Amino acid sequence: FNKKISICITGAGGSIGSELCRQILSMNPYKLIIIDFCEYNLYKIYEELKELKNSETKLVAKLLNAKNQIKLEDIFKEHKIKIVYHAAAYKHVPLVEINKIEGIRNNLATTSAVSMAAIKNNVDKVVLISSDKAVRPTNIMGATKLLSELMIKELSSLSNCKTIFSTVRF
C-alpha cells in the first residue's frame, strides 16, 4: 500500500473482519480505521493490532454500528478513507433465521449506509465481503447477502459515481 493510504474495515471484530485487519496491517497502511459495534470484539482486535503494528501505521478504533451513515460519513471525511472493506454483517445462519427482521435490517442497512457514505466522500474503493450462501440462497442470511451484492452491482454501474464497488465471496 501507499504510505498515505487510509483503509477502513467495518465488522473489524468479526472472524472475517479481524483477519482482514491482520492482513492489511501487515501491508503498513498510513491509517487503519477499524469499526465494530460489539465493544468486546473491537477491544480484542484493537489490542491485538496494537501489538502487531509498526510505529508508522495509525490505528483508530471506532465503536459504531455500520448502519449509522452520518457517523460513517464523518469518519470517512476526517480520516480521508480511500478503501473500505465492508465485512459488517450477521453471518450465523441459525441466529439470523430466528431473528429474520434484524438480519434483513442489519445486513442491508449496513451495506446501504457504507455505500452512501463512501459515495458522498469520494472513497476510491468499497469491497463488500459476501458469502457463498448468496449463491441460490435458501435462507434469510444468504438472501440478504445476495441483495447486498445486487445493491453493490447497481452502484457500480452509476456513471456519475467515482467510487469503485466490488464484491468478494467467502
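This is a predicted model: local features need pLDDT of at least 70, side-chain atom pairs count only at pLDDT 80 or more; totals for chains, interfaces and linings use all residues.
T57 touches L25, N28, P29, Y30 and L32, leaving aside residues up to four places away in sequence. Is T57 buried or exposed? Its relative accessibility is 2%, and because buried means under 20% relative accessible area, T57 counts as buried. The side chain of T57 also reaches the backbone oxygen of P29, at 2.8 Å. Sequence and space can be set side by side here: T57 and K31 are 26 residues apart along the chain, while their C-alpha atoms are 5.5 Å apart.

The next stop is H86. This residue belongs to strand β4, which covers residues 83-86. With a relative accessible area of 3%, H86 is buried. Which side chains make polar contacts with the side chain of H86? One is the side chain of T10, at 2.7 Å. Another is the side chain of T110, and that polar contact is 3.3 Å. The contacts of H86, again without residues up to four places away in sequence, are T10, T110, T111, V114, V127, L128 and I129.

β4 and β5 run parallel and are joined by four bridges. Within this pairing, V84 has V126 in β5 as its bridge partner. Strand β5 spans residues 125-130, and five of its six residues are buried, so the strand is mostly covered. On to β6, residues 164-169: six bridges join β5 to this strand, and the two run parallel. Here L128 has T167 in β6 as its bridge partner. L128 is also among the residues that H86 touches.

N122 is found in the loop between α5 and β5. The phi angle of N122 is near 50 degrees, a positive value in a residue other than glycine. N122 has a relative accessible area of 41% and is therefore partly exposed. R136 lies in the loop between β5 and α6 (140-156). Phi of R136 is near 45 degrees, again positive in a residue other than glycine. How much of R136 is accessible, and is R136 buried or exposed? The relative accessible area of R136 is 72%, so R136 is exposed.

The last feature is empty space. Rolling a probe the size of a water molecule over the atoms shows where such space is left. The largest pocket has a volume of about 440 Å³. It is lined by 25 residues, of which F37, A89, Y90, K91 and H92 are the closest to its centre. Which helix gives the most to the lining of this pocket? That is α5, with four residues. α1 (15-25), α4 (93-98) and α5 (100-120) each supply at least two residues of the lining. By residue type, the lining of the largest pocket divides into 11 nonpolar, 11 polar and three charged residues.

Key: Residues are numbered from 1 along each chain as its sequence is written. Side-chain values use heavy atoms; hydrogens and water are left out. Buried means under 20% relative accessible area, exposed over 50%, partly exposed in between (1.4 Å probe, protein chains only). A polar contact is a pair of N or O atoms within 3.5 Å; within protein, one must be able to donate a hydrogen and the other to accept it, and residues adjacent in sequence count only if both atoms are side-chain atoms. Contact means heavy atoms within 4.5 Å. On a 1 Å grid over the protein atoms alone, a cavity is a set of points where a 1.4 Å probe fits but cannot get out, and a pocket is an open set with protein on both sides within 12 Å along at least five of seven lines; lining residues have an atom within 4 Å of a point. Grid points are joined across faces, edges and corners, and a volume is the space filled by probe spheres set on the points. Ala, Val, Leu, Ile, Met, Phe, Trp, Tyr, Cys and Pro count as nonpolar, Asp, Glu, Lys and Arg as charged, and the others, Gly among them, as polar. Two strands pair if DSSP finds at least two bridges between them.
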